[in-house]
Amino acid sequence: MSNQQYTLPREGTSSSGPHLLYISRAQYRQDWNSSLHTHSCAELFFITGGHGRFRTRREDFSVAIHDIVIVNAAVPHTEVSQMDSPLEYIVLGVERLGTLAGAEGYTLVHLLEGWEELMGCLRLMFQEAARTLPGYGEVCRNLLEVVLIRLGRQRDAALSGEAPGPHASRECELVRRYIDNHFKENLHLNQLAEMAHLNKYYLAHAFRREFGVSPINYLISRRIEESRLLLRETDHTLSLIAQILGFSSLSYFSQCFRRVEGISPLEYRRRNRT
């Protein structure tokens with residue numbers, strides 16, 4: 001992935017209301033990483049070229065130019081480019097913002113009018129962030145306000161000045177985001193507890209209270225989600241898939257998959273090959 005990103009300063013920000021953390025521009029290349037991941041802030045994707053697909057845990061939909069995807073904080077997602085039409089997009093990372101439109105924590109807006117005006121705001125943001133002249137942070141904040149006002153006119157966007165839904169404890173949310181971004185690695189409860197500066201027994205209890213599942217079972221569910229994609233769309237052997245996803249053995253992978261899906265990995269592949 002070809003990626004250009006600028007982080008905005010926090011100086012001069014108010015204590016409430018949306019705040020722009022970063023602006024980035026991405027274009028598909030062969031090293032594109034399409035694993036589900038999360039962020040601590042909302043992300044606004046403006047598709048500026050090419051074709052591809054946007055994925056969350058339960059949904060998979062096509063995107064193209066003039067599409068805007070708004071993803072709430074802590075919602076797992078990824079982007080997949082069409083090979084013959086490389087995907088390009090601009091992303092704004094905004095804290096204290098969310099969409100109320102989608103039950104899964106995201107929404108898709110297709111903008112028919114006003115696209116060029118929004119692109120003008122985003123281009124000026126990039127210019128200000130790259131040059132870092134005096135007052136550039138304030139300029140970018142004001143441009144964000146313009147972008148959000150114009151998006152707010154789209155009924156489908158349903159923007160809110162606060163991230164919706166219940167607020168998990170900071171430590172449990174930190175652990176969940178870490179698992180989302182590192183689930184292919186060899187993670188264990190002691191390591192997660194040490195990272196969160198919690199007793200491992202307290203972490204297990206608090207995580208289950210917040211998310212209805214233990215940290216290790218959440219880790220397994222994330223691996224099984226990714227394994228479904230690999231089973232459908234690659235010819236990798238089951239042993240290789242188990243290795244890629246951090247399972248200690250093929251038999252353990254098969255056991256976990258059957259417990260979650262109700263069928264074996266081979267049977268799932270047979271039923272769902274594209």
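Tutor: Rings of Phe, Tyr and Trp (its six-membered ring) pair if their centres lie within 6.5 Å, with planes under 30 degrees apart counted as stacked, over 60 as edge-to-face and the rest as tilted. By this rule there are 11 aromatic pairs. This is a predicted model, in which local features need pLDDT of at least 70 and side-chain atom pairs count only at pLDDT 80 or more, while totals for chains, interfaces and linings use all residues. Residues are numbered from 1 along each chain as its sequence is written, and side-chain values use heavy atoms, with hydrogens and water left out.

Student: What makes the aromatic pair of Tyr-6 and Phe-126 edge-to-face?

Tutor: The ring centres of Tyr-6 and Phe-126 are 6.1 Å apart, within the limit of 6.5 Å, and the angle between the planes is 75°, over 60, so the pair is edge-to-face. Because Tyr-6 lies in strand β1 (residues 2–7) and Phe-126 in helix α1, the pair ties together parts that are 120 residues apart in sequence; helices (H or I, at least four residues) and strands (E, at least two) are DSSP runs, numbered from the N terminus.

Student: Why does Phe-126 count as buried?

Tutor: Buried means under 20% relative accessible area, exposed over 50% and partly exposed in between (1.4 Å probe, protein chains only). Phe-126 has 4% relative accessibility, so Phe-126 counts as buried, whereas Tyr-6, at 22%, counts as partly exposed.

Student: Why is the pair of Phe-54 and Phe-61 called stacked?

Tutor: The ring centres of Phe-54 and Phe-61 are 5.7 Å apart and their planes are at 25°, so this pair is stacked.
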